[in-house]
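Keep the model open as you read.

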Amino acid sequence: MKLYRTSNGNYVEDGGKQFRVPESNWDALVTHQDLRAYLQSIAASGQPEPEFASARIEAPIGGQEVWAAGVTYYRSRSARMAEAKDAGGGDFYDRVYTAERPELFFKSTPSRVAGPGSQVRIRADATWSVPEPELTLLINSRGQIIGYTVGNDMSSRDIEGENPLYLPQAKVYDRSCALGPCILVASDPLPAATPIRLEIERAGRLEFSGSTTLAELKRAPADLAAWLFRENTFPAGAFLMTGTGIVPPDSFTLNHGDRIRITIDPIGTLENEVAQGKPVAAG
Ligand code: DO4
Ligand code: MG
């Protein structure tokens with residue numbers, strides 16, 4: 001079952017048909033006592049809504065904070081160690097990859113999040129920018145994983161590599177995070193064989209493509225969620241990006257106009273165009 005937030009309200013998709021969700025408040029929906037049962041009852045008794053086709057799909061977020069885990073794939077560990085070598089920070093990444101405590105960092109406020117089909121941004125003061133395709137958890141206020149979405153943790157690798165203390169500037173800026181296209185409502189873990197695919201198109205041609213699977217993710221999503229909720233409360237729930245396992249070659253940087261497509265099959269494809277220009281909150 002998939003949950004969509006659109007310009008025309010919230011919809012649940014079941015068996016390829018979309019049904020209007022009477023609860024229009026996103027935060028009330030995602031903190032529902034039993035979201036899955038609630039959505040199932042709508043799909044079982046409702047009439048499919050043809051209006052869904054004309055609605056604009058928005059980022060599936062209301063008042064949730066977005067957090068992210070880092071260095072959860074071996075590929076990310078190696079790339080960070082190399083980029084931070086000259087700054088003397090390489091060792092931190094190696095240590096956090098095997099430590100009991102994961103790297104968790106604050107990624108985005110809702111207003112900085114880009115939805116499907118809208119623009120993500122690269123910083124004007126960065127020279128090395130990449131997308132990070134990440135399975136993203138939706139966790140309710142009680143700390144339970146209630147669904148999954150596709151996330152893009154846009155990152156400025158030159159800023160991050162110059163000094164690990166610059167991480168917030170490399171990671172947090174207007175439209176540095178994209179989420180969507182929907183929430184796959186499920187509490188069970190996704191299968192280890194689930195593929196994550198990244199494609200970057202430049203001027204109509206495929207510039208980069210890469211893939212990984214959840215089998216490469218070193219930490220269990222439930223474990224990451226438990227760490228996040230250890231000393232934090234989230235009245236409206238929270239998103240947690242689970243880290244990237246796909247890193248383009250060091251010669252690659254994003255350009256204005258590139259198109260980024262991230263696909264996680266049971267959820268869908270998140271597509272965004274890249275912009276470089278004045279800061280602009282997603283709104
Ligand atoms: O510590 C740097 C960020 C790591 C990250 O975002 C990732 O591994 O996905
Ligand atoms: Mg990341």
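Two cavities of 30 Å³ or more are counted here. A cavity is a set of points, on a 1 Å grid over the protein atoms alone, where a 1.4 Å probe fits but cannot get out. Grid points are joined across faces, edges and corners, and a volume is the space filled by probe spheres set on the points. The model is predicted: local features need pLDDT of at least 70, side-chain atom pairs count only at pLDDT 80 or more, and totals for chains, interfaces and linings use all residues. Residues are numbered from 1 along each chain as its sequence is written, chains are lettered from A and ligands numbered from 1 in the order in which they are written, and side-chain values use heavy atoms, with hydrogens and water left out.

Start with the largest cavity. It holds about 80 Å³ of space. Its lining, meaning residues with an atom within 4 Å of a point, has 16 members. Gly70, Arg80, Glu103, Phe105 and Lys171 lie nearest the centre. By class, the lining has five nonpolar, four polar and seven charged residues. Here Ala, Val, Leu, Ile, Met, Phe, Trp, Tyr, Cys and Pro count as nonpolar, Asp, Glu, Lys and Arg as charged, and the others, Gly among them, as polar.

What takes up the space of the largest cavity? Ligand 1 does. A molecule sits in a cavity if more than half of its atoms lie within 2 Å of its grid points. Around ligand 1 are 16 residues, and Val71, Ser76, Glu103, Lys171 and Thr244 come nearest. A residue is near if one of its heavy atoms lies within 4 Å.

Now look at the polar contacts of ligand 1, pairs of N or O atoms within 3.5 Å. A polar side-chain atom of Arg80 is 3.3 Å from a ligand 1 oxygen. In the side chain of Asp153, an N or O atom lies 3.0 Å from an oxygen atom of ligand 1. Thr244 uses its backbone: an N or O atom there is 2.9 Å from a ligand 1 oxygen. The protein covers 99% of the 280 Å² of accessible area that ligand 1 has on its own (Shrake-Rupley method, 1.4 Å probe). Strand E5 (65-70), helix H3 (74-83), strand E6 (103-108) and helix H6 (167-171) each give two or more residues to the shell. These helices (at least four residues) and strands (at least two) are DSSP runs, numbered from the N terminus.

Move to the second largest cavity, with a volume of about 40 Å³. Arg80 is one of its lining residues, and so are Arg157 and Ile246. Six lining residues are nonpolar, none polar and three charged.

Finally, check the backbone. The Gly180 to Pro181 peptide bond is cis, with omega near 5°. Pro181 belongs to strand E13 (residues 177-185). Arg175 is not a glycine, yet has a positive phi of about 60°. Arg175 sits in the loop between H6 and E13.

Terms used: Polar contact = N/O pair within 3.5 Å; in protein donor to acceptor, adjacent residues only side chain to side chain. 1 Å grid on protein atoms, 1.4 Å probe; cavity = no way out; pocket = protein on both sides within 12 Å on 5 of 7 lines; lining within 4 Å.
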